[in-house]
Amino acid sequence: MDKSIIYNKIDKASSIALITHVNPDGDTLGAGLALYYFLKKLQKKVSIYCDATTGIDRLDFISGESVISNIPSSEIFDLVIAVDIAETYRMGSMSVMFDKALDTIVIDHHISNPCFAKYNYIIPEASSTCEITFDILEYIESQYDKDIIDTLIASHLYAGLLTDSGAFYYPSTTADTHRVAGELHKLGVNTNKIYTVLFKNVPFNKYLLKNVVMSKTRLYDDGRIGMAVITRQDFEDTSTDMSHTEGLINMIQDIDTVQISILITQAEGGYKISFRSVAELDVNAVAGMFGGGGHKNASGCRLSGNIYEIMDKLLYAARTAL
Ligand SMILES: [Mn+2]
């Protein structure tokens, strides 16, 4: 699909809603907020939503304000744009707005995306939805023939780029990722500040949770698979919640012998499973065996049932990818 369709749809729409995903990360929030401020500058009636009670404010330090609503609107929007959303369930309760909208667009980089919107702009090679969103906004800007992308918009995109590329570390990082980062830098982004807030400001209780994960990590298959479980009790003991689990799986993946890591987190109604792998192994396929998905080297799924049976199943599935 061509970028011009997104421009045309935005140009014609008078009311637009942006939907970010549940368990929001820097990429979905960065892309959503960049679009939000961009559309505001185009004088559009725009609102942004996220079905979450925690983590919704993680990029608020950039603008100094909270503009994301966690209550769906009953309005019928001309256009709803879902960002960084690979499956409809990732919209949570916000899907009601998506289902009723006159037009829908999804902007995403998940290879597993089934193209659930009317218009699907999906670039699986992109490091992040923010990388894609920059190119879209630049195109729209060129159509209006004026400068729209300012430091505020650029900073949100940079935050998402940094989050999903693991600060330019993950194999998904390409020359395009660095090109976009360079363009955003030129727009005045305080790159040091964004890195510091996103990667360095670790609350002490997250360190306590990290400690739990490290001590509970077990290695299998000559250390090629690493796996740990975070239980509700672990959250209670460390005064943490789901929002503190981001990035924890990397500690397992960072172990020198580990090629595939699995982090199982007890969540409402079951378990949230995350997978990571070294560049050449595919864990998108592993997550796919359980109805999940994501990227080649970072994916996830949900399972419910007996934890020991779940661990056995996951181990068996991971072995098929080795
Ligand atoms: Mn993403």
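Visitor: Which residue in β5 is the bridge partner of Ala82?
Guide: Happy to start there, with the caveat that this is a predicted model, in which local features need pLDDT of at least 70, side-chain atom pairs count only at pLDDT 80 or more, and totals for chains, interfaces and linings use all residues. Residues are numbered from 1 along each chain as its sequence is written. Helices (H or I, at least four residues) and strands (E, at least two) are DSSP runs, numbered from the N terminus. In β5, Ala82 has as its bridge partner Val106.

Visitor: Over how many bridges do β4 and β5 pair?
Guide: Two strands pair if DSSP finds at least two bridges between them. Another of the bridge partners here is Ile107 of β5, which faces Val83. Strand β4 (residues 79–83) and strand β5 (residues 103–108) run in the parallel sense, and the number of bridges is 5.

Visitor: Which strands stand at the edges of the sheet?
Guide: Strands of a sheet pair through backbone hydrogen bonds, either parallel or antiparallel. In this open sheet of 6 strands the pairing is parallel, and the order is β3-β2-β1-β4-β5-β6. An edge strand has a single partner, so one side of it is left without a neighbour in the sheet; that applies to β3 (68–69) and β6 (119–122).

Visitor: Why is β5 described as largely enclosed?
Guide: A residue is buried if 20 or more other C-beta atoms lie within 10 Å of its own, exposed if 12 or fewer, and partly exposed in between, with C-beta atoms placed from the backbone. Strand β5 is largely enclosed by the rest of the structure because its buried residues number 5 of the 6.

Visitor: Which residues touch the most other members of the largest nonpolar core?
Guide: A nonpolar core is a set of buried Ala, Val, Leu, Ile, Met, Phe, Trp, Tyr and Cys residues joined through C-beta atoms within 7 Å. The largest one has 64 residues, and helix α2 (residues 26–41) gives the most to it, with 9 residues. Among the residues that Leu18 touches, beyond four places away in sequence, are Leu35, Val46, Ile48 and Ile81. The residues touching the most other members are Leu18 and Ile19.

Visitor: What angle does the direction of α2 make with that of β1?
Guide: Axes are lines fitted to C-alpha atoms, for helices over the stretch in contact, and angles run from 0 to 180 degrees between N-to-C directions. Helix α2 packs on the sheet, where it touches β1 (15–20), β2 (45–50), β4 and β5. With β1, the direction of α2 makes an angle of about 165 degrees.

Visitor: What is the handedness of the crossing of α1 and α5?
Guide: The axes of helix α1 (residues 3–12) and helix α5 (residues 129–144) come within 10 Å and cross at roughly 60 degrees. Lys3, Ile6, Tyr7 and Ile10 of α1 make the contact with Ile136, Tyr139, Ile140 and Gln143 of α5. A crossing is left-handed if the near helix is turned anticlockwise from the far one by less than a right angle, and right-handed if clockwise. The crossing of α1 and α5 is right-handed.

Visitor: How many nonpolar residues are in the contact of α5 with α6?
Guide: The axes of α5 and helix α6 (residues 151–164) come within 7 Å and cross at roughly 145 degrees. The contact joins Thr129, Cys130, Glu131, Thr133 and Phe134 of α5 to Leu157, Gly160 and Leu161 of α6. Ala, Val, Leu, Ile, Met, Phe, Trp, Tyr, Cys and Pro count as nonpolar, Asp, Glu, Lys and Arg as charged, and the others, Gly among them, as polar. This contact has 3 polar and 1 charged residues, and its nonpolar residues number 4.

Visitor: What is the phi of Gln43?
Guide: Gln43 lies in the loop between α2 and β2. With 8 C-beta neighbours inside 10 Å, Gln43 counts as exposed. Its phi is positive, although Gln43 is a residue other than glycine, and is near 65 degrees.

Key. Contact = placed C-beta atoms within 7 Å.
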